[in-house]
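Q: I have a model open and want to learn how to read it. Where do we begin?

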Amino acid sequence: RAMRRCYCANMEPLSMKPNSAIVADAGFQSTATTSYTESDADGGPATGFTKVTTANSPVVFRGIGSGRVLNTAAGGYIRQRFDVTPAEQVIWHTLSRLASGTNAEAVLRDVTNAAAIGTTVEHSQGAWQWMRRIETVPTGCKVLETRLQGEGASDDINWNAQCVYFPGQRYFELDTTWDSDFKVPT
């Protein structure tokens, strides 16, 4: 009975922030790359961001696409930003796979105060790894940034399933592509 109702072959992570932007293209299923900003657009390290949509490929995690960050300078990343309230809790999950290079890093930044939040989570594994951060938004922080980052100058990393959740909000806001209660968007 459940199989008749859940017929889509891919998954899309849920993210939310009421009265603010939700994670755009959280499962990297769109062919466009405009939902994420590359670090060199911020005057930071040079990086390249593309999408991979090769079905049944190890670089696509249970879906139809993944994001690929290829650094041409150390510390390159892609990012998204969210309006936040100081002292609220944020839970951030993402999946990453290091194809080559030094480390895949999940970095949270306080854009308002130009500072890192908490301790960066990183790994150097060639298999998909679940990366999780639970942090409290610092005093004075109005804008939070999630960075999907490579540590080395030539890191090649696949990303998927970015989920940003604020547990104090107690509900999920679905984007406009969800048009039915019994199927996921196509």
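A: Begin with a definition. Strands are DSSP runs of at least two residues, numbered from the N terminus. Note also that this model is predicted.

Q: Where is A114 placed?
A: A114 is in the loop between β6 and β7 (115-116). Phi of A114 is near 50°, a positive value in a residue other than glycine.

Q: Is A87 buried or exposed?
A: Exposed means over 50% relative accessible area. A87 is at 62%, so it counts as exposed. A114 is at 57%, so it is exposed too.

Q: How is a pair of aromatic rings described?
A: By the distance of the centres and the angle of the planes. This structure holds four aromatic pairs. In one of them, F28 and Y36, the centres are 4.9 Å apart and the planes are at 10°, so the pair is stacked. Y36 also pairs with F49, edge-to-face, at 5.7 Å centre to centre and 65° between the planes. Y36 lies in the loop between α1 (2-5) and β1 (37-38) and F49 in strand β2, so this pair ties together parts 13 residues apart in sequence. Ring pairs link F28, Y36 and F49 into a cluster.

Q: Where do nonpolar side chains tend to be in soluble globular proteins?
A: They tend to be buried together. Here the largest nonpolar core has 25 residues. F28, Y36 and W159 are among the members that touch the most others. β4, β5, β6, β10 and β11 each supply at least two residues of this core.

How values were computed: Residues numbered from 1 in each chain as written. Predicted model: local features only at pLDDT ≥ 70, side-chain atom pairs only at ≥ 80, totals over all residues. Heavy atoms only, no water. Core = buried A, V, L, I, M, F, W, Y, C linked by side-chain atoms within 4.5 Å. Buried < 20%, exposed > 50% of the residue type's maximum accessible area, 1.4 Å probe, protein only. Helix = DSSP H or I, 4+ residues; strand = E, 2+ residues; numbered from the N terminus. Phe/Tyr/Trp six-rings, centres within 6.5 Å; stacked < 30°, edge-to-face > 60°.
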